[in-house]
Amino acid sequence: MKNLMIKDLHVSAEDKEIIKGIDLEIEEGSSHVLMGPNGNGKSTLLAAIMGDPRFTVTQGSITYDGKDILSMPVNERSIAGIFLGMQYPQEIPGVTNSDFLRAAMNVRRERPVSLFEFIKSMDKAIADMRLSEDLAHRFLNEGFSGGEKKRNEIIQMEMLKPSLAMLDEIDSGLDVDAIKLVADAINRIREESNMSLIIVSHYERFLEYVRPEFTHVLVDGKIVVSGGRDLYEKVDSEGYDWIYKEYGIEPRFEAKNNERVSIGTCAVKDTLKGDMF
Amino acid sequence: MKIAESMTLTPERGFQEYEIDCTEAELQLDLKEDCELFVRITKASALKIKARLNEGIRASVLFWNDSKDPLVANESYEVGDYGDLTVAYGECNDASTKRKTDILLKGKESRAMLSSASLVNTNKEYRMDLENSGVRSIGNIRNYAVVLKNGKLMIDAIGKINKGAKKAQSHQTSRALAFEEGQNATILPELLIDENDVQASHAMSIGKVNESHLYYMMSRGLDMKQCTMLISEGYLLPITDYISDEKLRSALKDELERKIEGSCLM
């Protein structure tokens, strides 16, 4: 069974601990949603599984299909079947979508994909996402709108056929129709294959379409509560406050209060005053 | 057609192919018809080119350096009223090049594109002067280079707008991918402007492959070398777009791809 096993995972970025001990098992073919307030570790968890160089695993283990993936470079994790649909896909000028995807398909095949087969499947994936045909020849995500980038992530997922797909806020930047398209594509792939799924999402509508079986709520780098569909429904209608109360925890809020930096300036002024008088 | 040591060329209309295969060549180019020229330099150590583009003529020249010997080139071009000139260089050979290119946009509404693609594993040194004198003239410089371990690239690109060249434009973009620590690539973009009513811009980047780009591409299964190759191809292959002949263009693309694949990109 291609299970993902995460044990006692601790992850830091620039010496700041973000994930503070997570245990999670994703069974082959199961579907999960990670919830929780922003800035509490959901994206970091997915990035650490993929191997994002901005993050360092300081403790714990992650195995997939019995293999220690923390010892693998990012590309080998992908070849092992792990896919991350990113929240902010990179724009790479000069590299066309089709050259990129063809190379990415070929690294996981014994024989390179024929040009005919490639064009056929790429055209289909592009049509499924209702994007224009010239997407294949455009540079990778360059000049794409937010929604086009997200749909391009799904095109890549369709063509690379991962066994574990992680989708980080794939629904943000998508309009109502596109959310349905993306959800349909995910559901279709899951019907055709035994693809496991971890999604990070805030939108009830998206979750209603995809209907993940398991819910995990991350607060301050830890999974504080896990449950079934009823849990995301409850979070959706009531928010997180009841969780904070019930489990006696406090969320970590993103440091967006830049104004407070001015405290430093005040302190300097105070010091000056002190010197003067 | 082979080019002899010293000659005056007046290309006919359409696509023409030339080969320069002599130690010293002095070439006078009279561009009187719309044309597209492909010039393969198989051997030349000293090359002098003087060209004039007549009024309203549209011409492009791609110099493809295949020489095994070091090349020193001195080229000057003059563009008349409404003329549209493209001068492009494919510099992916193993011998050094020292080139000086002067383009004068003399006529009103004249245009020029000066473009290079270099896979650098030896010394490549370009000095480019693109000067606007004509009203509403437009000058563009584009340099793309992949600098390998033993390569050294130096580009001095000067866009100059003379007094009186009202509404003229001078733009340049230079990008170099370098794989070594330290400076083995130097690009000096300069804009000298002596007129108020103009538009000018320059963009420049030198460095290793962006780490976030690398992570994104690797997350789809490509290893470092494959990522670097794709990005390098993205830098260099567009130079072949100046050739409209499909057979030649794809042959040049294959040639470049082979060279990129064969070079040590790490």
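## Chain B overall

Chain B holds three helices and 17 strands. Helices (H or I, at least four residues) and strands (E, at least two) are DSSP runs, numbered from the N terminus. This is a predicted model, in which local features need pLDDT of at least 70 and side-chain atom pairs count only at pLDDT 80 or more, while totals for chains, interfaces and linings use all residues. Residues are numbered from 1 along each chain as its sequence is written, and chains are lettered from A and ligands numbered from 1 in the order in which they are written.

The C-alpha trace of chain B spans about 50 × 45 × 30 Å along its principal axes. Its radius of gyration is 18 Å, which agrees with the value near 18 Å for a compact globule of 266 residues. That radius is taken over C-alpha atoms, and the globule rule is 2.2 Å times the number of residues to the power 0.38. In chain B, 46% of the 266 residues count as buried. Buried means 20 or more other C-beta atoms within 10 Å of the residue's own, exposed means 12 or fewer, and partly exposed lies in between, with C-beta atoms placed from the backbone. Of the contacts in chain B between residues at least 6 apart in sequence, 70% join residues at least 24 apart. A contact requires C-beta atoms, placed from the backbone, to lie within 7 Å.

## The parallel sheet of chain B

Eight strands of chain B form an open sheet with parallel pairing, in the order S2-S4-S6-S8-S10-S12-S14-S16. Two strands pair if DSSP finds at least two bridges between them. Strand S2 (6-9) and strand S16 (185-193) of chain B stand at the edges; each has a single partner strand, so one side of each is left without a neighbour in the sheet. Neighbouring strands are turned by 10° against each other on average, direction ignored.

Strand S4 (residues 24-31) and strand S6 (residues 46-53) of chain B run parallel and are joined by eight bridges. B:Leu31 stands opposite B:Leu53 in S6(B).

## Sheet and hairpin in chain A

Chain A has an open sheet of six strands, ordered S6-S9-S10-S3-S11-S12, with mixed pairing. Its edge strands, S6 (82-85) and S12 (222-227), each pair on one side only. The twist averages 20° from one strand to the next. Five bridges join the antiparallel strands S11 (residues 214-219) and S12 of chain A. A:Val219 has A:Lys222 as its bridge partner in S12(A). Helix H8 (residues 229-238) of chain A packs on the sheet, touching S3 (31-35), S11 and S12 of chain A, and its direction makes about 50° with that of S11(A). Axes are lines fitted to C-alpha atoms, for helices over the stretch in contact, and angles run from 0 to 180 degrees between N-to-C directions.

Elsewhere, eight bridges join antiparallel strands S1 (residues 4-13) and S2 (residues 16-26) of chain A. Two residues lie between the strands of this hairpin, and A:Glu14 takes a positive phi near 45°. S1(A) also runs antiparallel to strand S4 (residues 56-64) of chain A, with seven bridges.

## Where the chains meet

The contact takes 23 residues from chain A and 17 residues from chain B. On the chain B side, helix H1 (211-218) and helix H2 (224-236) each supply at least two residues. H1(B) gives the largest share, seven residues. The chain B side divides into eight nonpolar, six polar and three charged residues. Ala, Val, Leu, Ile, Met, Phe, Trp, Tyr, Cys and Pro count as nonpolar, Asp, Glu, Lys and Arg as charged, and the others, Gly among them, as polar.

Buried residues of H1(B) are B:Leu214, B:Tyr215, B:Tyr216, B:Met217 and B:Met218. The buried residues of H1(B) pack against helix H2 (74-79) and strand S7 (92-96) of chain A, together with H2 of chain B.

How values were computed
Contact = placed C-beta atoms within 7 Å.
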